[in-house]
Amino acid sequence: MPKITIDGKTAEVAKGTTVLQAAQALGIVIPRYCYHPSLSISGNCRMCLVEVEKSPKLLTACSTEAADGMVVRTDSDKVKAARRDVLEYLLINHPLDCPICDQAGECGLQDYYMEHSRAKSRFPQEDKVRRQKRRALGPHLVLDNERCILCTRCVRFCSEVTKTSELEVMERGDHSYIDLKQGKALDNGYTLNLADICPVGAWTSRDFRFKQRVWFLKRTPTVCLGCATGCLMEAHHNDGVLYRLVPRPNAETNTWLCDHGRMTYKAVRAGDRLAKGVIKNGLIELEPALREAAGRIDENHPAAAVLGSPWLSVEDNAALARLAKDAIKTENFCFDFPGAQGVKDGILINEDPAPNARGARLVKDAYGGIALEELRARIVDGRVKTVVTEARAAAFVRDAVKASGARLIVFATNRADIPPAAYATLPYACYFEVPGTFVNFQGLRRRAEPSVAAPEGVRPLWALVNRLAAYSGASLHLDSAADALKEIVFK
Amino acid sequence: MENILLRDKVRDLEGYFACGGYRALKKALAMKPADVTEEVKKSGLRGRGGAGFPTGLKWSFIPKDAQGPRYLVCNADEGEPGTFKDRELLLKNPHALIEGMAIAGYAIGASRGYIYVRGEFAAETALLDKAIGDARAKGFIGRNLLGSGFDFELSTHRGAGAYICGEETALLESLEGFKGQPRLKPPFPAVKGLFAAPTVINNVETLAAVPAIIERGGEWYASIGVPKSSGTKLFCVSGPVDRPGVYELPLGVPLRDLIEKTCGGLKAGKRLKAVIPGGSSVPVLTAEEALKVNLDYDSLAAAGTMLGSGGVIVIDDSQCMVKLLQVLARFYHHESCGQCTPCREGCGWIEKLLDRLEGGTGTPADIDTLVSVAEGMTGRTICPLADAMAMPVISFVKKFRAEFEAHAAGRCCPPEAAGKH
Amino acid sequence: MAFTLTDEFKQRAEKICARYPRRDAALIPLLLELQREAGYVAEEAMDALSGYLGLPYSRVKAVVTFYTMFNRVPAGKYHLQVCRNISCHMAGAPGLLAALRARLGIEEGETTKDGLFTLSAVECLGACGDAPVLQVNEDYFGRVTAEKLDVLLEDLKHGKYPSTR
């Protein structure tokens with residue numbers, strides 16, 4: 001294993017480790033634009049030049065392999081001068097539009113300028129090369145070619161990660177620019193990653209633009225519930241409002257986040273967000289809605305059924321299991337969602353659109369229950385006349401319910417999710433608002449953490465279950481989400 | 001001194017053959033490949049494209065145990081301003097190149113060769129194609145060369161207009177059908193070159209010298225010229241001399257002799273002001289420096305410049321150095337591939353500074369900025385194009401600063417050049 | 001208008017592709033072939049070629065825009081390309097360009113209304129010993145003087161293509 005000394009600190013690193021990576025391991029941050037740990041090495045920005053003993057020229061830390069006995073300086077005058085020069089070159093043709101640029105606050109040019117340069121520009125503003133200003137490219141992105149520093153991270157992302165190769169650097173020299181086929185939209189399912197990896201304000205998110213200055217944002221680590229992959233992500237929010245979701249790169253699951261996952265937060269404040277109950281099609285306060293639902297269940301306990309949901313947390317599924325077993329006291333409950341699981345596009349998007357089929361299985365392991373087929377059969381043959389479930393999970397018994405006319409009582413966050421056949425709908429707090437445990441397709445336990453408050457009067461699903469049980473005269477003693485987990489064994 | 005490369009009556013295969021052509025190939029094929037490389041090492045032949053790297057050594061970098069194909073590529077992407085020797089060779093002695101490539105291919109174990117010709121050389125490419133066809137018909141190219149069991153297939157490949165493709169890894173990118181953007185090194189082409197296989201890239205003039213070296217021996221070749229600069233070199237002289245053109249001379253001849261004797265001196269009424277001795281990318285020499293220097297690698301290095309491609313650009317006193325540098329800056333700005341920040345941004349900045357100085361709106365501070373921008377580009381990019389821009393800038397300003405200052409002060413040029421551009 | 005690669009083109013293309021271990025290496029030679037046929041490389045041609053070689057369109061477009069010899073709009077019958085680099089500059093290229101602008105009534109990068117001439121200023125053509133150099137389509141004309149230029153333009157206008165060397 002080569003031993004390398006950087007700024008006087010020595011480390012032994014694996015063969016093939018670059019100087020930049022070795023420095024990182026030693027806690028030395030070498031500035032960079034084109035380098036990205038998950039993309040191929042391009043070496044074009046020249047920001048990471050370092051001094052390597054016995055090399056007459058400065059070398060790019062991103063592309064230079066650590067060699068045994070190598071002595072590197074990242075803080076010499078020569079290196080500092082190179083960084084200052086590269087920054088000056090990058091800035092000469094960069095527009096002075098920071099005040100209206102969404103990248104401000106998380107911009108590589110701003111940050112490194114403050115850290116490594118602070119020089120006054122010697123370049124006359126009127127000489128700047130003009131390029132095309134903002135234009136929407138696809139459903140999620142805006143491209144401002146004038147702000148681009150041509151690091152080609154976006155080009156490499158589209159060729160190496162999505163393998164769609166829409167983007168290229170056209171023309172050459174200081175007139176070159178990033179572009180794609182005229183008239184085509186950039187829409188490969190992962191486009192918002194470009195807004196993240198773009199070190200400047202060239203690629204920005206149409207959704208996020210002008211909504212919030214990034215320095216006001218608070219960050220909550222959480223998990224994406226857009227499918228069974230369960231990507232780790234960070235929710236960015238301020239004053240109780242969510243603004244965007246970005247990936248939390250990790251070795252197990254994800255470096256990136258798909259566009260679908262990024263948009264999952266939109267449901268939280270969508271126009272159809274439910275804050276009240278719905279009976280048939282009419283809105284009604286929560287308590288009367290709960291009472292009505294409980295009344296319908298109480299009509300015939302043996303004919304009531306509870307169907308868990310792969311869209312719900314382990315806690316909420318467990319609460320539903322308790323409802324069936326300890327309040328309704330029925331054998332008609334099901335937490336069995338087989339479904340194909342696995343990444344279907346070779347990147348992140350899972351065959352299973354629901355985030356928690358494996359978590360629901362843990363509830364099945366703890367409480368038992370019947371198979372989905374069996375539940376369907378019991379609905380069809382009339383043994384089950386009322387089904388309590390979550391709105392999206394209702395799809396699993398849609399045909400059976402339709403055939404038998406069974407009554408459907410669902411929990412939902414948004415009106416769009418409510419199945420047409422629902423008799424009563426109870427609003428619950430989503431997992432941007434309350435915590436929840438999920439198990440992704442790999443069997444990894446993932447935690448959703450709340451970042452914003454639920455709408456006034458909207459409560460966690462387990463709490464609604466508690467109330468339903470109470471209306472039916474049973475006490476489940478659920479005082480917190482954690483209470484629901486008591487009988488669950490995580491593997 | 002007889003010419004080795006620029007000879008008469010060798011344009012076609014019959015003529016070339018009559019003058020002893022393809023004898024060297026036959027001789028080489030009877031040798032061990034390593035011995036062929038050894039002979040070239042002995043000759044002291046250095047790359048004639050500009051960098052002057054020892055050719056035999058370059059060949060020996062091909063890993064001995066490399067499996068799979070290897071490639072030999074001829075760099076005929078002649079585009080360095082002031083350089084027009086390869087074109088002359090392609091027109092006058094194409095078979096020397098073809099024979100040289102067959103020999104070099106044999107030496108490095110490459111059975112496939114490509115000649116990358118600059119796109120504008122359409123007629124030259126057509127001539128080469130015909131010459132390759134003729135050679136193939138006689139068994140000098142193709143399968144089982146002269147019954148040796150060695151196969152060597154060769155074809156031309158035209159570029160499409162990009163100076164940067166003269167840089168060897170940009171050339172490889174272009175040959176593979178990509179934009180001509182230089183690759184990060186390492187890996188070097190000898191290890192991972194064309195189609196990721198071990199590859200040697202040599203200039204036209206370099207490869208064309210190989211048959212003579214094999215036929216007459218490395219020692220014979222090394223006896224021509226001066227130590228560390230052996231053999232003959234094609235010098236292409238442009239500018240206001242009486243007889244501009246391509247001349248083959250032993251390395252080490254005085255630049256003065258080339259200009260005054262070979263080229264007949266400057267045109268009537270013109271006085272020598274400066275010389276760029278090795279293509280537009282090398283530092284300029286003042287008349288005084290030029291008349292003292294010899295044309296070999298070491299002498300020119302000692303004079304602070306380079307032999308480069310052998311493109312000798314003669315500049316007379318009617319020329320404005322600011323204007324000429326502006327012309328060169330426009331070129332490098334136009335040709336920068338745009339990959340590395342310092343080159344992409346610096347070349348344009350330099351041109352704009354020169355536009356201001358030449359246009360009469362420059363300031364004395366612009367002159368210092370000019371030099372510092374050039375210095376900031378030097379040695380900090382993937383390929384040498386940034387340096388090729390910086391060297392003329394730094395040397396022009398250093399040696400002709402008065403002209404730059406006159407421009408900055410609002411006067412056009414020193415009196416002798418005023419009003420003549 | 002839909003652009004299709006002719007069978008004749010495809011036959012030639014296959015021969016060119018066969019020179020390389022990977023077909024995509026033939027991209028630039030094939031673009032040159034297309035340009036030779038049509039005088040320029042149209043968007044549709046790029047599309048057709050990217051499909052033919054199995055390449056992303058973006059790569060074809062990037063290559064076409066990187067290299068200066070590809071015309072993206074139809075050029076005139078005669079593409080006059082004046083070298084303006086250092087040796088040609090000293091030998092009078094600016095005057096030559098000015099003369100052509102005046103004679104043709106067009107600026108650099110433009111084509112005469114009759115579609116006969118396109119004028120371009122280009123960088124070093126690699127024939128500096130013959131400065132100033134003018135390239136007409138693929139042919140070089142060296143040591144061009146005002147008189148020679150007049151004769152050349154007249155010849156070209158009358159469909160007479162002079163021999164170059």
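Okay, let's start inside chain B: the buried residues of helix H18(B) are covered by, among others, strand S10 (272-276) and helices H14 (321-335), H15 (341-359), H16 (364-377) and H17 (385-399) of chain B. Buried means under 20% relative accessible area, exposed means over 50%, and partly exposed is in between, with a 1.4 Å probe and protein chains only.

Before I go on, the housekeeping. This is a predicted model, where local features need pLDDT of at least 70, side-chain atom pairs count only at pLDDT 80 or more, and totals for chains, interfaces and linings use all residues. Residues are numbered from 1 along each chain as its sequence is written, chains are lettered from A and ligands numbered from 1 in the order in which they are written, and side-chain values use heavy atoms, with hydrogens and water left out.

Back to H18(B). The helix covers residues 401-408 of chain B, and its buried residues are Glu403(B), Phe404(B), Ala406(B), His407(B) and Ala408(B). Just after this helix comes Gly410(B), with a positive phi of about 90°.

Staying in chain B, have a look at the loop between helix H8 (168-175) and strand S4 (199-203), where Pro186(B) lies. The peptide bond going from Lys185(B) into Pro186(B) is cis, with omega near -5°. Then Pro186(B) and Pro187(B) are joined by a cis bond too, with omega about 0°. Pro187(B) is also placed in the H8 to S4 loop of chain B. As background, most residues other than glycine have a negative phi, and most peptide bonds are trans.

Now chain A. Here we have 13 helices and 22 strands, and the C-alpha trace spans about 85 × 50 × 35 Å along its principal axes. Of the 491 residues in chain A, 59% are buried. Contact means heavy atoms within 4.5 Å. If you take the contacts in chain A between residues at least 6 apart in sequence, 63% of them join residues at least 24 apart.

The accessible surface of chain A comes to about 20,100 Å², and carbon and sulfur atoms own 51% of that. Those areas are Shrake-Rupley with a 1.4 Å probe, and for residues only the protein chains shown count as cover. On charge, chain A carries 67 positive and 59 negative side chains, with the centres of the two sets 1 Å apart. Lys and Arg count as positive, Asp and Glu as negative, and His and the chain ends are not counted. Each charge is placed at NZ of Lys, CZ of Arg, CG of Asp or CD of Glu.

A few residues of chain A to click on. Asp7(A) sits in the loop between strand S1 (3-6) and strand S2 (9-12). Its phi is near 50°, a positive value in a residue other than glycine, and Asp7(A) is buried at 19% relative accessible area. Arg118(A) also has a positive phi without being a glycine, about 60°. You'll find Arg118(A) in the loop between helix H3 (108-117) and strand S6 (135-137), and at 57% relative accessibility Arg118(A) is exposed. Over in helix H13 (residues 481-484) there's Asp483(A), which is buried at 16%. Leaving out neighbours within four places in sequence, Asp483(A) is in contact with His477(A) and Leu478(A).

So what about the interfaces?

Lys181(A) pairs with Asp47(C) in a salt bridge, the closest N and O atoms being 2.6 Å apart.

Last one, chain C with chain B. Here 37 residues of C are in contact with 57 of B, and the buried area is about 3,800 Å², 60% of it on carbon and sulfur atoms. In chain C, Phe66(C), Ile86(C) and Met90(C) lose the most area to chain B, together 17% of what that side buries. This interface has three salt bridges. Arg330(B) forms a salt bridge with Glu123(C), with the closest N and O atoms 3.7 Å apart.

Conventions: Helix = DSSP H or I, 4+ residues; strand = E, 2+ residues; numbered from the N terminus. Salt bridge = Lys/Arg side-chain N within 4 Å of Asp/Glu carboxyl O. Buried area = accessible area lost by both parts, 1.4 Å probe.
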